[in-house]
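Here are some questions and answers on how terms are applied to the structure shown below. Each answer sets a value against its cut-off.

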Amino acid sequence: MSEARISASILNADFGSLADEVRRAADGGVDSIHLDVMDGHFVDNLTMGPVVVEAVRPASDLPFHAHLMIDDPLAYVDRFADAGSDLIVFHVEADGDPDAIIDAIERAGRRPGIALNPETAAASVLPHLERVDMVLVMTVHPGWGGQEFIADVLPKMRELRDEIDRRVLDVQIGVDGGVNLDTIGQAHAAGGEVMVTGSALYRTTGSLAPTVSALREAAMKEATERT
Ligand code: DX5
Ligand code: ZN
């Protein structure tokens, strides 16, 4: 079982000093930065646009994962690519043709990812597995940080893991929402690899290094006990 990757969701960070918070995560040893983009339509919250991504881009060389919770991802792919996103994740429930959105992300020279909400079946993303680098499985209803992990999503995560392995695809499974020391193990054991964590990380003051390594250990401990 591969080691869990930790991705810092800055939605839960101190927005008054966002670049410093990106640096704090990078210095803490996370593997990537997760940027939650919300348009007030796809979800009932408004968070950050390309200008924010561009503003914090110089703070770290780590991969930037833009999680687009917006109705019209196709209209914004180029702007988030130009702002410095490395991986651009759109929702299968959003408007537009997923193949056209993936084409646009690839044309912009970025890596495509597709996300699905807790209530959305795995079948909705299976037609696109060959074309994406990540499937982001929402373990909360998108819109806010600090929500409770929905364990009912785990069988779907296992289903996606088995299908990716059966097709021998190089597709990572991301897990987003309510990931903390109590839930990261079961998510990793169900096939999750890139663990997005916000409130569990940023409620820590000072160095994030102890929290990041504790999350990695908790992921591996439960995963090895279950295999
Ligand atoms: C929710 C976002 C998540 C969220 C994670 O819609 O997509 O990335 O910020 O925060 P926690 O880890 O607090 O659930
Ligand atoms: Zn997210």
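Q: What makes the contact between Arg216 and Asp31 a salt bridge?
A: In this predicted model, the closest N and O atoms of Arg216 and Asp31 are 2.9 Å apart. The cut-off is 4 Å between a side-chain nitrogen of Lys or Arg and a carboxyl oxygen of Asp or Glu, so the pair qualifies. Arg216 lies in helix α8 (residues 209-226) and Asp31 in the loop between α1 (18-27) and β2, so the pair ties together parts that are 185 residues apart in sequence.

Q: How many salt bridges does this rule give?
A: The count comes to 14 salt bridges. Asp99, Asp103, Glu106 and Arg131 are linked in a network of them.

Q: Why is Arg216 called buried?
A: Its relative accessible area is 15%, and buried means under 20%, so the word applies.

Q: Why is Arg167 called partly exposed?
A: Arg167 has a relative accessible area of 24%.

Q: How do you know which residues coordinate the zinc ion (ligand 2)?
A: His34 (NE2), Asp36 (OD), His67 (ND1) and Asp176 (OD) coordinate the ion at 2.0 to 2.3 Å. Donors must be N, O or S atoms within 2.8 Å of the metal, so these atoms count. Asp36 lies in strand β2 (residues 32-38) and Asp176 in strand β7 (residues 172-176), so the pair ties together parts that are 140 residues apart in sequence. Both Asp36 and Asp176 are buried.

Q: What is the geometry of the site of the zinc ion (ligand 2)?
A: The site is octahedral, with six donor atoms and angles of 73 to 171° among them. For six donors, that term requires opposite donors to be over 155 degrees apart and all others between 65 and 115.

Q: What makes Ser9 a polar contact of ligand 1?
A: An N or O atom in the side chain of Ser9 is 3.0 Å from an oxygen atom of ligand 1. The limit is 3.5 Å, so this pair counts. The protein covers 100% of the 390 Å² of accessible area that ligand 1 has on its own.

Methods. Residues are numbered from 1 along each chain as its sequence is written. Chains are lettered from A and ligands numbered from 1 in the order in which they are written. This is a predicted model: local features need pLDDT of at least 70, side-chain atom pairs count only at pLDDT 80 or more; totals for chains, interfaces and linings use all residues. Side-chain values use heavy atoms; hydrogens and water are left out. Donors are N, O and S atoms within 2.8 Å of the metal (3.2 Å for Na, K and Ca); water is not among the atoms, so sites may look incomplete. Four donors count as tetrahedral if all angles lie between 85 and 135 degrees; four count as square planar and six as octahedral if opposite donors are over 155 degrees apart and all others between 65 and 115; anything else is irregular. Helices (H or I, at least four residues) and strands (E, at least two) are DSSP runs, numbered from the N terminus. Buried means under 20% relative accessible area, exposed over 50%, partly exposed in between (1.4 Å probe, protein chains only). A polar contact is a pair of N or O atoms within 3.5 Å; within protein, one must be able to donate a hydrogen and the other to accept it, and residues adjacent in sequence count only if both atoms are side-chain atoms. Accessible areas come from the Shrake-Rupley method with a 1.4 Å probe; for residues, only the protein chains shown count as cover.
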